[in-house]
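Keep the structure open while reading.

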Amino acid sequence: MALLGMIGLAYLWPEPGIQKGPFSLDNLANIGVSVIFFFYGLRLSGDKLRVGLSNWKLHLTIHLTTFVLFPLLILAGMAVFETDENRLLWLGAFYVAALPSTVSSSVVMVSIAGGNLPAAIFNASISSLIGVFITPLWMGLLLSTSSGDYDLGSVIAKLSLQVIAPVVLGILLNRWLGAWAERYKKALGTFDKVVILMIVYTSFCDSFERRMFQGLTFWDLLELGGYMLGLFFLVYGLVNLVSKWLGFNRADRITALFCGSKKSLVQGSVMVNVLFPGNVVGIVLLPIMMYHALQLIAASALAQSLARRT
């Protein structure tokens with residue numbers, strides 16, 4: 001509801017979101033992103049990482065699903081359904097497919113369903129870091145063909161400075177500040193949400209100002225939501241089949257299901273301003289916002305169903 005509220009506010013009052021300057025909302029959001037990942041690193045102890053290192057089949061399944069299966073499915077869909085009219089929405093859908101897994105909600109769902117929690121923490125955490133390199137590589141396949149100025153090295157350097165450097169600093173300070181971060185994790189979670197809402201607001205302000213949504217109808221949005229929900233359940237079903245074929249126990253299968261099928265709105269909000277020109281950011285964000293909302297609803301129902309079976 002808050003995300004929808006930000007879109008409505010951007011439509012009615014876009015002026016604050018398009019203003020430039022050292023203290024503009026856009027710059028404050030970028031600083032907020034680095035602070036988010038610093039706090040995330042504070043809560044990521046070396047023990048949590050070491051616990052998850054041994055189960056390589058599970059890790060490989062999750063990351064191949066996140067960074068290979070998802071993009072291939074969307075590329076197949078683009079080959080069949082993409083047109084000049086819906087090209088930007090399909091670009092946004094491919095952006096969803098190229099993103100890493102979400103951290104907090106994946107871990108929460110695995111916990112509710114009774115899965116392998118240390119492995120979930122490990123995989124969701126590593127996925128965010130891998131995404132800094134893999135997501136720009138995948139997006140380069142599409143963007144370099146349509147825009148000759150796509151500089152992969154510059155993109156990765158910016159994301160490393162904004163994401164990986166704060167995480168590493170946080171991990172180094174975990175010994176002294178980790179307990180504090182755990183104690184105030186609820187307040188830090190609220191800070192995360194505020195920064196994401198700020199990014200969404202500024203992105204849509206720019207897109208509304210440039211009239212990027214002209215021609216999009218309610219039925220287009222409904223169709224996009226159907227595609228995103230269908231993508232979630234398709235991947236969820238495929239991961240379930242692969243997990244059974246590999247002989248995963250119940251806890252590991254649950255972890256593969258929820259870590260493999262989720263996508264990160266946080267990372268999507270961070271990378272979108274680095275990867276795309278400002279005039280298309282809002283419309284490219286639409287698919288990940290829809291996927292984020294629908295995955296939470298679907299995953300919550302599935303996690304509670306699995307918990308009842310336990």
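## Terms and source

A residue is called buried under 20% relative accessible area, exposed over 50%, and partly exposed in between, using a 1.4 Å probe and protein chains only. The areas come from the Shrake-Rupley method, with only the protein chains shown counting as cover for residues.

The model is predicted: local features need pLDDT of at least 70, side-chain atom pairs count only at pLDDT 80 or more, and totals for chains, interfaces and linings use all residues. Residues are numbered from 1 along each chain as its sequence is written, and side-chain values use heavy atoms, with hydrogens and water left out.

## A positive patch

A patch of positive charge on the surface is formed by K244, R250, R308 and R309. Patches are made of residues with over 30% relative accessible area and no salt bridge; like charges are joined within 9 Å, and nonpolar side chains (Val, Leu, Ile, Met, Phe, Trp, Tyr) within 5 Å. Lys and Arg count as positive and Asp and Glu as negative, while His and the chain ends are not counted. A charge is placed at NZ of Lys, CZ of Arg, CG of Asp or CD of Glu.

R309 counts as exposed because its relative accessibility is 65%. Helices (H or I, at least four residues) and strands (E, at least two) are DSSP runs, numbered from the N terminus.

## Salt bridges

How many salt bridges does a search of the whole structure find? The search finds two. A salt bridge is a side-chain nitrogen of Lys or Arg within 4 Å of a carboxyl oxygen of Asp or Glu.

R87 forms a salt bridge with E82, where the closest N and O atoms are 3.2 Å apart. R87 also forms one with D84, where the closest N and O atoms are 2.8 Å apart. R87 is partly exposed at 42% relative accessibility, and E82 is partly exposed at 28%. D84, at 59%, counts as exposed.

## A nonpolar patch

W56, L60, L64, V68 and L72 make a nonpolar surface patch of about 490 Å². L60 sits in helix α5 (residues 56–81) and is partly exposed, with a relative accessible area of 47%. An α-helix has 3.6 residues a turn, so residues three or four places apart point the same way.

## Helix α3

Helix α3 (residues 25–42) has 18 residues and reaches 25 Å from its first C-alpha to its last, close to the expected 26 Å at 1.5 Å a residue. The expected span is 1.5 Å times one less than the number of residues. Which residues of α3 are buried? They are A29, G32, V33, I36, F37, F38, F39, Y40, G41 and L42.

## Distances along the chain and in space

L9, in helix α1 (residues 2–12), is partly exposed at 33% relative accessible area. L9 and Y201 are 192 residues apart in sequence, and their C-alpha atoms are 7.4 Å apart in space.

L89 is part of helix α6 (residues 87–98) and is buried, with a relative accessible area of 13%. L89 and L224 are 135 residues apart along the chain, with 8.1 Å between their C-alpha atoms. I171 lies in helix α9 (residues 152–172) and is partly exposed at 28%. I171 and Q304 are 133 residues apart along the chain, and 32 Å separates their C-alpha atoms.

Key: Areas by Shrake-Rupley, 256 points an atom, 1.4 Å probe, with all protein chains shown as cover.
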